Amino acid sequence: MTERLLNLKSEVREELKNAKSVHELNAVKARYVGKKSPLQEVLGKMREADAETRKALGKAINEFKSFVEEEVSARLQEITAAEIQKRLESERLDVTLPGKRFSAGRLHPLSKTIEEIEDICIGMGYEIAEGPEIETDHYNFELLNLPKGHPAREMQDSFYLDVVHLLRTHTSPVQARVMQKAGGKPIKIICPGKVYRRDNDDATHSHQFMQIEGLVIDKDITMADLKGTLALLMRRMFGDELEIRFRPSFFPFTEPSVEVDVTCFKCGGEGCPLCKGTGWHEVLGAGMVHPNVLRMSGYDPETNQGFAFGLGIERIAMLRYGIDDIRYFYQNDPRFLKQF
Ligand code: PHE
């Protein structure tokens, strides 16, 4: 009988060696200690045996059972260790590999330009004002002394929504809105925003672009204030060496009116391809607020004066960053945008 048990032990060892999974291990265990195990045969013999032999057999059987128990758990450990090892190898991570780079968003060059101008103006005591992009003929033209029959009021130059409403053609209507609200008090505002004109899009024209309007109203405001303000603003934007010059111009809402040029920041005014040999860049329109405009929005032109200016943001950004086509600003091409 002991011999039979010894044989069984080596069978168990052999089968455990071949078992490859927990499932197979359990099957081996069941086969040798379960209800149908060869031990049953030994147990059957026990009934016939004498007390002495029975005792010895019982001991041998228990010993066999714990043998199976131990062998199975030893093999279980081997199998799990091998499985872990296999997984570690197949799921190996190289923590030294460089990670994937996510490209971060950034400010659009136009937003950057607006923010810079706003910062400079806030430093000079300006407040930021806003106005609607859908305007009425009244604010966009009438209150700005743009007489009926002025070409800007024609259908072919403006986007009319109905007889009264249009997409504002400039940020100047905000002048009238702010004046009406201020009720005769001093004003010092800038207003950045989108404007719309019926232009065919090309390298220098866009049917929608952006402006920053400036308006100052107080007592004893002169052209010298306008010039000093614009010189400071432009020097902050383009460099301290820059000069500005006024050229006579015409806007219905300012009198006198000027076009403002700055010396070319690339050649310092000597003339280069960027400034087409002139040494100057035209950057904005400005002037002293027309007495009619003051009067229509509640200011007495005898006691109040003001200046206004309107600059094209795209134009400033194009000069600053050396961009030669306005359409780049609106195409949202990441190759363009990531340069700023
Ligand atoms: N609104 C004018 C334009 O769009 C610019 C301007 C603003 C001129 C304020 C003078 C004063 O061309």
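Here are some questions and answers about this predicted model.

Local features need pLDDT of at least 70 and side-chain atom pairs count only at pLDDT 80 or more, while totals for chains, interfaces and linings use all residues. Residues are numbered from 1 along each chain as its sequence is written, and side-chain values use heavy atoms, with hydrogens and water left out.

Q: What distance separates a polar side-chain atom of Gln211 from an oxygen atom of the ligand?
A: Polar contacts here are pairs of N or O atoms within 3.5 Å. His170 puts a polar side-chain atom 3.1 Å from a ligand nitrogen, and for an N or O atom in the Ser172 side chain the distance to a ligand nitrogen is 2.9 Å. For Gln211 and the ligand oxygen, the value is 2.9 Å.

Q: Why is helix 7 largely enclosed by the rest of the structure?
A: Buried means under 20% relative accessible area (1.4 Å probe, protein chains only). The buried residues of helix 7 include Val174, Val178 and Met179. Their cover includes helix 6 (137-140), strand 4 (187-196) and helix 9 (291-296), with contact meaning heavy atoms within 4.5 Å. Helix 7 (173-182) is largely enclosed because its buried residues number 7 of the 10.

Q: Which peptide bond is cis, with omega near -5°?
A: Most peptide bonds are trans. This one involves Pro256, which sits in strand 7 (residues 254-263). The cis bond runs from Glu255 to Pro256.

Q: Is Asp220 buried or exposed?
A: Asp220 sits in the loop between strand 5 and helix 8 (223-238). Its phi is positive, about 60°, although Asp220 is not a glycine. Exposed means over 50% relative accessible area. With 66% relative accessibility, Asp220 counts as exposed.

Notes:
Polar contact = N/O pair within 3.5 Å; in protein donor to acceptor, adjacent residues only side chain to side chain. Helix = DSSP H or I, 4+ residues; strand = E, 2+ residues; numbered from the N terminus.
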